[in-house]
Protein chains: 2
Amino acid sequence: MAQTTRIVLASRPHGEPTQENFRTETVDLPEPAAGEALLETLYLSLDPYMRGRMSDAPSYAAPVEIDATMVGATVSRVVQSTDDALSPGDVVLGYGGWQTHSVEKVKHLRRLDPQGAPLTTALGVLGMPGFTAYSGLLTIGQPKPGETVVVAAATGPVGSAVGQIARIKGARAVGIAGGPEKVAHLKELGFDAAIDHRAPDFAEQLAAATPDGIDVYFENVGGQVWDAVLRRLNTYARVPVCGLVAGYNATSLPEGPDRSGVLMATILRKSLTVRGFIQTEFAPTQTEDFVRDMSGWLADGQVQYREDVVEGLDHTVEAFQGLLQGRNFGKLVVKVAD
Amino acid sequence: MAQTTRIVLASRPHGEPTQENFRTETVDLPEPAAGEALLETLYLSLDPYMRGRMSDAPSYAAPVEIDATMVGATVSRVVQSTDDALSPGDVVLGYGGWQTHSVEKVKHLRRLDPQGAPLTTALGVLGMPGFTAYSGLLTIGQPKPGETVVVAAATGPVGSAVGQIARIKGARAVGIAGGPEKVAHLKELGFDAAIDHRAPDFAEQLAAATPDGIDVYFENVGGQVWDAVLRRLNTYARVPVCGLVAGYNATSLPEGPDRSGVLMATILRKSLTVRGFIQTEFAPTQTEDFVRDMSGWLADGQVQYREDVVEGLDHTVEAFQGLLQGRNFGKLVVKVAD
């Protein structure tokens, strides 16, 4: 009987997740039923949304239950399949979670071409983060040539794709990141300007980098960056909102005054469009376009990506904690097996 | 030489406008230059946006200067015209402001048909407020049959049109107003439900009136109504924002905690569209459709309207103060001359 070593949610975090919120255990896996396959995890994706799944606050998705395996997208190798569509040795994109092995429904798996793009890109630039950038920027942000697009967490897999796609569409891309190394990397990626949000004069630097204001702000961070951006938004600016990672570990509301009315008044005064989205909304209609466009941009070098690969499932919790603090540099994946 | 009695902005208000913020004076008018007309004001429109013009805070429009005539749309009679397009006795829609006479450019005037709809409707249901409702609801709100549309200040000229147009489009209309008389009027207008925002159990009543949640909230009020609505919004709900009258007299930000992050998190979690707009954005492309549709709905009784007519320019300030407190009941106009 196959076994899996898995990381389960032991308790719900209050603030930053700690090692005590997780428990590693080795358990037997059931035999694959009809239409299922036994998989060995090669790479596990770590993404900010997982912090939301650890809480039982209202969300767009159900929380991970206590004692259940933490969820996550995976690149896995087929060990055994009851469905002719997959054979042992095939490599697939699945949703196996934080564990070494999983049993999943074959219809939920997508076979990857080991001769094509590197396998990890299915978790990053050619996967959910890349699609989040593509669909949110193009459908909601709608950057026009000459407009200014700003994105934070800009060396992350979503932000770096947002900036590079914005440039492909003829817009000016301004990236915000934490620390001089990341800022330097943004310039290598071709961003027109790059700003360190830790700089004491961040707001002034943002103003200097956006002399014509901001037409699109791709929001995946929130907090003080958003406050500074709001003041620079132009009339009719668009704000796709796909994440607010700065607040994911918050344990209480920020002190007053209550600025929510100021936010609404700014939306009114500047005729802003602020639109939340989860990429699944656009997946049925745009995945094909995305795969075609992004594959082409990767092939001709118009889009570059960076990965931060952590070795071994036993480093997953530490890597995830770092992700929420912005310590990763590029798309964070855990290499679980060779 | 013609004279006008006019109400000028004497000082900028701190909080609620007082009589001392205005000054009434009688002054000579210049002779109409080429392309101009001398007009006698018949009706002056009073609208919440005028509070914004009294302040020099950042806005989508320039403030009224100190000692300048307060602005406002007017229905006026032509006294003298230098342009053949208008003759003495013609009645026009203009922007004469808070005064008995004005000199305006003929190209900015629109001739009204005294045999058609009542003249005051050019300031209300067939004018800017009606167009605000029409364009914001249909372009941004996009109500679908069976969906639930909520609007506050629902007996006002914008809100009452929003609710009635929503019903014409097959949606369920829930109106919010202040006091039992207004609530009763909403039911006469055909709203499916009507709620008094002064009720101590307002939030519970709103929940009971929106058993399937809220798909469109037409925002023209803000404040505590918005807080209650936000909790009832469905995934993919649309929020056209055309006004925030509850906060127009505020002198400081509300006490904390700061809930702006909660607002952004709700926009994300529910994939909301929050879109500010000023009706001028849609005027070039939608006025013709609006006039055709709204005229038809008025003719066949599908849309009804109510006016609150105040007699005499000398009651203008008091009427405007009441408007900001919700004391008017229907579209507020001042009858300046017969």
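Predicted model: local features only at pLDDT ≥ 70, side-chain atom pairs only at ≥ 80, totals over all residues.
User: How many residue pairs are in polar contact across the interface of chain B and chain A?

Analyst: There the rule comes up with 9 residue pairs, both partners at pLDDT 80 or more.

User: And how do I read the area buried between chain B and chain A?

Analyst: An interface's size is often quoted as the accessible area lost when the parts come together. Here about 3,000 Å² is buried between chain B and chain A, and carbon and sulfur atoms give 70% of that. Asp258(B), Met264(B) and Leu268(B) supply 23% of the area that chain B buries against chain A, more than any other three residues. In residue terms, 35 residues of chain B are in contact with 35 residues of chain A.

User: Which element gives the most to the side of chain B that touches chain A?

Analyst: That's α7(B), with 8 residues. β12 (233-241), α7 and β13 (273-276) of chain B each put at least two residues into that side. By class, the side of chain B that touches chain A has 21 nonpolar, 7 polar and 7 charged residues.

User: At what angle do the axes of helix α7 of chain A and helix α7 of chain B cross?

Analyst: For two packed helices you want the angle between the axes and the distance between them. The axes of α7 (residues 260-269) of chain A and α7 (residues 260-269) of chain B come within 7 Å and cross at roughly 55°, so α7(A) and α7(B) are oblique to each other. Ser260(A), Leu263(A) and Met264(A) meet Ser260(B), Leu263(B) and Met264(B) there.

User: Now inside chain B: how do the axes of α2 and α8 cross?

Analyst: Helix α2 (residues 128-141) and helix α8 (residues 283-299) of chain B have axes that come within 10 Å and cross at roughly 105°. That is why α2(B) and α8(B) count as roughly perpendicular to each other. From α2(B), the residues involved include Phe131(B), Tyr134(B) and Thr139(B), while α8(B) brings, among others, Phe290(B), Met294(B) and Trp297(B). This contact of α2(B) with α8(B) has 6 nonpolar, 5 polar and 2 charged residues.

User: Which residues does a cis peptide bond join in chain A?

Analyst: Most peptide bonds are trans, and most residues other than glycine have a negative phi. In chain A, a cis bond joins Gly256(A) and Pro257(A), with omega about 5°. Pro257(A) sits in the loop between β12 (233-241) and α7 of chain A. Over in chain B, the bond from Gly256(B) to Pro257(B) is cis with omega near 5°, and Pro257(B) is in the loop between β12 and α7 of chain B.

User: What is the phi of Asp67(B), positive or negative?

Analyst: Positive, at about 75°, although Asp67(B) is not a glycine. Look for Asp67(B) in the loop between α1 (49-53) and β4 (74-81) of chain B.

Technical notes
Residues numbered from 1 in each chain as written. Chains lettered and ligands numbered in written order. Heavy atoms only, no water. Axes fitted to C-alpha atoms, helices over the stretch in contact; angles between N-to-C directions. Helix = DSSP H or I, 4+ residues; strand = E, 2+ residues; numbered from the N terminus. Parallel < 35°, antiparallel > 145°, perpendicular 65-115°, else oblique. Contact = heavy atoms within 4.5 Å. Buried area = accessible area lost by both parts, 1.4 Å probe. Polar contact = N/O pair within 3.5 Å; in protein donor to acceptor, adjacent residues only side chain to side chain. Nonpolar A, V, L, I, M, F, W, Y, C, P; charged D, E, K, R; others polar.
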